[in-house]
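Below is a report on the packing of one protein chain. Read it beside the coordinates.

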Amino acid sequence: MIPLITHTPRLLILAASRALLTAELHKPHYFPVLLGAALPEDWPPGEYDRPAMEFFLEQLTAGGRDAAGWYGWYALRKAEGDTPRTLIGSGGFMGPPDAEGTAEIGYSISSDWRRQGLATELVGGLVAQAAATGQVRRLVAHTEPGNAGSQEVLLRNGFVATGPAPDGRLRYERAVEPQLPENAAPQPPQP
């Protein structure tokens, strides 16, 4: 099982669970209580929409414990001064890595929290999380051609533009060096 929480200097990044996704979808008034965080007014952000939540919930339900950590993650801004811990974005993987160790990531930040470097920090946390699994060798991300901010986030995190994807979005990739605990053998990518 892979770690289901990670920290960056300003963020706590928490793997989505069936309980959190169920609350988010069906009992939204309980969702911030379960997270222990305030919600921004424009939640959910960007491409993290109801179909994405439903997809993550379906995958976690079907995959059980083995699916944990391979789908949605919540980015919570740590409490600071008068600002409480706040859910500021979402991100994660589109599933476990393929046989070659390639996984795809996505991310979105709530509009009130953009232009503060938090997307860069979230993606950096996801890259570190991918490395910590010992299973990911390459990460892929896609962004719209007109989304210069998202492109910059990827570049700051070591991704390189590899050209257009078949759907017209831009494709970015980066190698991942697995970071394993001492005396641990690398895990083969899951099929």
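On one side of α5, Ala148 and Arg156 are exposed. Exposed means over 50% relative accessible area, buried under 20%, and partly exposed in between, with a 1.4 Å probe and protein chains only. The model is predicted: local features need pLDDT of at least 70, side-chain atom pairs count only at pLDDT 80 or more, and totals for chains, interfaces and linings use all residues. Residues are numbered from 1 along each chain as its sequence is written, and side-chain values use heavy atoms, with hydrogens and water left out.

**Helix α5**

Helix α5 spans residues 148–156, and its buried residues are Ser150, Gln151, Val153 and Leu154. Seen down the axis of α5, these buried residues fall within an arc of 155°, so they line one face of the helix. The arc is taken from the directions that run from the helix axis to the C-beta atoms. An α-helix has 3.6 residues a turn, so residues three or four places apart point the same way. The cover over the buried residues of α5 includes β5 (102–109), α4 (118–133), β6 (138–143) and β8 (170–175). Contact here means heavy atoms within 4.5 Å. Helices (H or I, at least four residues) and strands (E, at least two) are DSSP runs, numbered from the N terminus. Just after α5, glycine 158 has a positive phi of about 85°.

**Helices α1 and α3**

Where do α1 and α3 meet? From α1 come Arg18, Leu21, Thr22, Glu24, Leu25 and His26; from α3 come Arg50, Met53, Glu54, Phe56, Leu57, Leu60 and Thr61. The residues of this contact divide into six nonpolar, three polar and four charged. Ala, Val, Leu, Ile, Met, Phe, Trp, Tyr, Cys and Pro count as nonpolar; Asp, Glu, Lys and Arg count as charged; the others, Gly among them, count as polar.

The axes of α1 (residues 18–26) and α3 (residues 50–63) come within 10 Å and cross at roughly 150°. Axes are lines fitted to C-alpha atoms, for helices over the stretch in contact, and angles run from 0 to 180 degrees between N-to-C directions. The crossing of α1 past α3 is left-handed. That term applies if the near helix is turned anticlockwise from the far one by less than a right angle; clockwise is right-handed.

The buried residues of α1 are Leu20, Leu21, Ala23, Glu24 and Leu25. Their cover includes β2 (11–15), α2, α3 and β3 (72–77).

**The nonpolar core**

The largest nonpolar core has 50 residues. Such a core is a set of buried Ala, Val, Leu, Ile, Met, Phe, Trp, Tyr and Cys residues joined through side-chain atoms within 4.5 Å. Leu21, Tyr74, Phe93, Leu139 and Phe159 have the most contacts inside this core. Its largest share, eight residues, comes from α4. In soluble globular proteins, nonpolar side chains tend to be buried together.

| Residue | Relative accessibility |
|---|---|
| Serine 110 | 0% |
| Phenylalanine 31 | 1% |
| Threonine 6 | 16% |
| Glutamate 173 | 17% |

The contacts below leave out residues up to four places away in sequence.

Serine 110 lies in the loop between β5 and α4. Its contacts are Pro40, Asp42, Pro45, Ile88 and Gly89. The C-alpha atoms of serine 110 and threonine 86 are separated by 11 Å.

Phenylalanine 31 is in helix α2 (residues 31–35). It touches Leu20, Ala23, Glu24, Leu39, Trp43, Tyr74 and Leu87.

Threonine 6 is in strand β1 (residues 5–7). It touches Leu11, Leu12, Ile13, Trp73, Gly125 and Gln129.

Glutamate 173 is in strand β8. It touches Arg138, Leu139, Val140, Gly158, Phe159, Val160 and Thr162. Glutamate 173 and threonine 102 are 71 residues apart in sequence and 9.5 Å apart in space, C-alpha to C-alpha.

**Backbone in the loops**

Which peptide bond is cis? The bond joining tryptophan 43 and proline 44 is cis, with omega about 0°. Proline 44 is found in the loop between α2 and α3.

Arginine 115 has a phi near 65°, a positive value in a residue other than glycine. Arginine 115 sits in the loop between β5 and α4. It is exposed, with a relative accessible area of 85%.
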